[in-house]
Amino acid sequence: MDDRSAIALCARVDAEFHRLVYQALGVPVRTAGGLWWSPEAASPVLARAGTLDREIAVVPPVRELRDCFGTLDLPASEWTAAAEDPWM
């Protein structure tokens with residue numbers, strides 16, 4: 001398994017974990033355009049969105065996004081990188 005496949009697998013597992021937890025809390029999770037997101041924050045410890053691919057076709061309607069691949073070029077005026085927030 002190459003690095004890209006390993007990251008993609010972790011991203012899918014992370015998305016499924018959040019989907020199941022949000023589902024248990026009665027909060028929907030959406031998936032489209034290479035990412036997943038929750039329209040509602042169910043807990044301060046849960047992610048609200050994450051990438052499922054290296055490139056995304058849509059920008060989620062949330063202000064927090066886990067860029068699993070670390071490749072997105074989002075406008076600095078709207079997004080702030082938090083490199084000190086480790087993933088996995």
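A salt bridge is a side-chain nitrogen of Lys or Arg within 4 Å of a carboxyl oxygen of Asp or Glu. In this predicted model, Arg-19 makes such a bridge with Glu-16. Their closest N and O atoms are 2.6 Å apart. Both residues belong to helix 1. They sit three residues apart, about one turn of the helix. Arg-19 has a relative accessible area of 31% and is partly exposed. Glu-16, at 35%, is partly exposed as well.

The structure holds two salt bridges. Arg-66 and Asp-14 form another, with an N to O distance of 2.7 Å. This pair links distant parts of the chain. Arg-66 lies in the segment after strand 3, while Asp-14 lies in helix 1. The two residues are 52 residues apart. Their surroundings were also examined. Asp-14 has a relative accessibility of 7%, and residues under 20% count as buried, so Asp-14 is buried.

Helix 1 was then considered as a whole. The helix spans residues 3–24 and has 22 residues. From its first C-alpha to its last, helix 1 reaches 32 Å. This is close to the 32 Å expected at 1.5 Å a residue. After the helix comes Gly-26, whose phi is positive, near 80°.

Which residues of helix 1 are buried? They are Ala-8, Ala-11, Asp-14, Ala-15, His-18 and Tyr-22. These residues cover an arc of only 130° around the axis, so they lie on the same side of helix 1. Asp-14, the salt-bridge partner of Arg-66, is one of this buried set. The face turned away from the buried side carries the exposed residues Gln-23 and Ala-24. What covers the buried residues of helix 1? The cover includes strand 2, residues 35–37, and strand 3, residues 49–51.

Ala-8 and Val-45 are 37 residues apart along the chain. Their C-alpha atoms are separated by 22 Å.

Technical notes
Residues numbered from 1 in each chain as written. Predicted model: local features only at pLDDT ≥ 70, side-chain atom pairs only at ≥ 80, totals over all residues. Heavy atoms only, no water. Helix = DSSP H or I, 4+ residues; strand = E, 2+ residues; numbered from the N terminus. Expected span 1.5 Å × (residues − 1). Buried < 20%, exposed > 50% of the residue type's maximum accessible area, 1.4 Å probe, protein only. Arc of directions from axis to C-beta. Contact = heavy atoms within 4.5 Å.
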